[in-house]
Amino acid sequence: MTIRVLVVDDQPMFRAGMTALLGAEDGISVVGEAGDGEEAIARNRVLHPDVVLMDVRMPAMNGIDAARRLTRPAGAANVPRVIMLTTFDIDEYVYAALEAGASGFLLKDAGVRELATAVQVVARGDSLLAPQVTRRLIEQFVARKPDGLVPMTVFNSLTDREREVFLLVATGKSNAEIGQILYMAEQTAKSHVSRIMSKLHLRDRVHAVMLGYETGLVTPGSAGLAGDTA
């Protein structure tokens with residue numbers, strides 16, 4: 001199945017280069033380009049991309065506002081996965097982008113193999129963090145927010161077992177590690193994670209980690225993120 005990609009950046013030369021690189025990859029088709037967030041939203045309605053590669057900083061509508069509109073559309077609009085592109089590994093806008101619904105981010109100088117892998121990873125429902133950008137970034141930005149931003153009642157829909165699983169997901173454990181810790185099969189752990197994501201309306205594991213921080217359930221210094229599919 002070919003992954004449809006929309007490239008969004010205010011620099012025409014960068015868009016052209018990205019389009020050429022990804023267009024040469026098997027299983028990936030760049031279906032269009034956009035120069036800002038507003039154009040990206042309009043192009044999404046027509047082109048129905050699976051993944052949007054989008055710069056954080058753009059004129060008119062920036063990437064964060066566009067990501068929020070793309071991932072939380074009104075009506076039955078196409079809902080793509082969004083990868084934010086940033087120039088810096090510690091970008092003041094990255095946490096806001098994840099909070100807006102982006103599934104991950106990459107540095108703009110990523111190589112073609114890394115770009116293609118990122119598109120494939122996000123298209124199949126995984127979350128993505130650039131190798132240079134780690135959990136420390138999420139800790140840094142959540143630390144700026146007041147405690148108790150999200151009440152613990154958000155977990156009321158979870159069973160006791162699902163709460164145990166969520167805590168492990170939010171501290172970066174993989175499905176295999178969850179299975180080992182809770183003495184269950186890896187597939188059983190994966191099923192629990194999928195139900196939790198659905199109940200809490202989380203897009204992926206990155207957003208589970210963010211929720212763990214925002215409720216105070218997870219504190220800075222916990223284990224790193226895992227890259228399993230939910």
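**Patch, cores and a buried helix**

M152, L167 and L217 make up a nonpolar surface patch in this predicted model, and their accessible area together is about 230 Å².

Student: OK, where does M152 lie?
Tutor: M152 is in the loop between helix 6 (135–142) and helix 7 (160–170).

Student: Switching to the inside, which residues in the largest nonpolar core touch the most other members?
Tutor: Those are V8, V52, M54, V82 and M84, out of 26 residues in that core. Several elements give two or more residues to this core, including strand 1 (3–8), strand 3 (51–55), strand 4 (81–86) and helix 10 (205–214).

Student: Which element gives the most?
Tutor: Helix 3, with four residues.

Student: Back to V52, what does V52 touch?
Tutor: Leaving out residues up to four places away in sequence, V52 touches L6, V8, L70, P80, R81, V82 and I83.

Student: What about the second core, how many residues has that one?
Tutor: The second core is separate and has 22 residues, among them V150, F155, L182 and Y213.

Student: You mentioned helix 10. How many residues of helix 10 are buried?
Tutor: Ten of the ten, so helix 10 is largely enclosed by the rest of the structure. The buried residues include R205, H207 and E214, as well as Y213, which is also in the second core.

Student: And what comes just after helix 10?
Tutor: G216 is there, and this residue takes a positive phi of about 85°.

Key:
Residues numbered from 1 in each chain as written. Predicted model: local features only at pLDDT ≥ 70, side-chain atom pairs only at ≥ 80, totals over all residues. Heavy atoms only, no water. Core = buried A, V, L, I, M, F, W, Y, C linked by side-chain atoms within 4.5 Å. Buried < 20%, exposed > 50% of the residue type's maximum accessible area, 1.4 Å probe, protein only. Contact = heavy atoms within 4.5 Å. Patch = residues over 30% accessible without salt bridge, like charges linked within 9 Å, V, L, I, M, F, W, Y side chains within 5 Å. Areas by Shrake-Rupley, 256 points an atom, 1.4 Å probe, with all protein chains shown as cover. Salt bridge = Lys/Arg side-chain N within 4 Å of Asp/Glu carboxyl O.
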